[in-house]
Amino acid sequence: METQLDILSETLDKKLLVLKRIQEYNKVQEQSFQNGQAKLQDFDEAVEEKGRLIEELNRLDEGFELLYERLSQELKDNRQKYARQIKALQQKVAQVTDLSVVIQSQEQRNKKLVEDFFAGQKAQIGKNRKTSKAAYGYYKSMSGGNFAQPQFIDDKK
């Protein structure tokens with residue numbers, strides 16, 4: 001039982017490390033959209049790495065849940081005997097939860113940054129399209145495509 005509780009504790013420690021790494025990649029994503037400039041390669045690399053970390057986090061969650069399910073009845077029956085380990089696990093779960101909340105808020109800020117960037121890009125494309133259309137119209141009118149011959153010509157010499 002002690003060994004299995006140690007495994008639960010180690011799993012929570014690993015989850016904390018993975019969450020901290022995700023938090024670091026969120027900062028990279030935020031920095032890649034600073035000041036209206038985008039470093040899309042940095043952003044893409046951070047997204048890929050975060051994807052791998054999230055997969056690892058999911059595996060850790062599954063393993064933790066399976067092991068906890070097996071131990072839960074024993075822990076309930078012998079609460080006093082394992083009080084110290086239970087308290088340590090509860091503290092680690094609280095840390096995981098707190099860090100998860102921080103990461104969620106980072107994700108929301110990053111989502112807003114990305115949306116604002118692409119909305120600006122879309123507006124710029126629309127502006128460029130209008131400018132190109134106006135320039136093409138001017139070029140067409142000035143190149144003689146719409147030139148009309150005079151209607152009245154004085155042929156006297």
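I looked up helix H2 first: residues 40-77, 38 residues in all, reaching 54 Å from first C-alpha to last, close to the 56 Å expected at 1.5 Å a residue. Helices here are DSSP runs of H or I with at least four residues, numbered from the N terminus. The expected span is 1.5 Å times one less than the number of residues.

The model is predicted: local features need pLDDT of at least 70, side-chain atom pairs count only at pLDDT 80 or more, and totals for chains, interfaces and linings use all residues. Residues are numbered from 1 along each chain as its sequence is written, and side-chain values use heavy atoms, with hydrogens and water left out.

I then checked the line of H2 and found a bend of about 45° at Leu71, taken as the angle between axes fitted to the seven residues ending there and the seven starting there.

Next I looked up burial (buried is under 20% relative accessible area, exposed over 50%, partly exposed in between, with a 1.4 Å probe and protein chains only). The buried residues of H2 include Phe43, Leu57, Phe64 and Leu71. They pack against helix H1 (2-31) and helix H3 (83-142), contact being heavy atoms within 4.5 Å.

I turned to Asp44, also in H2. Asp44 counts as partly exposed because its relative accessibility is 43%. Gln29 is 15 residues from Asp44 in sequence, with the two C-alphas 8.4 Å apart in space.

Terms used: Helix = DSSP H or I, 4+ residues; strand = E, 2+ residues; numbered from the N terminus.
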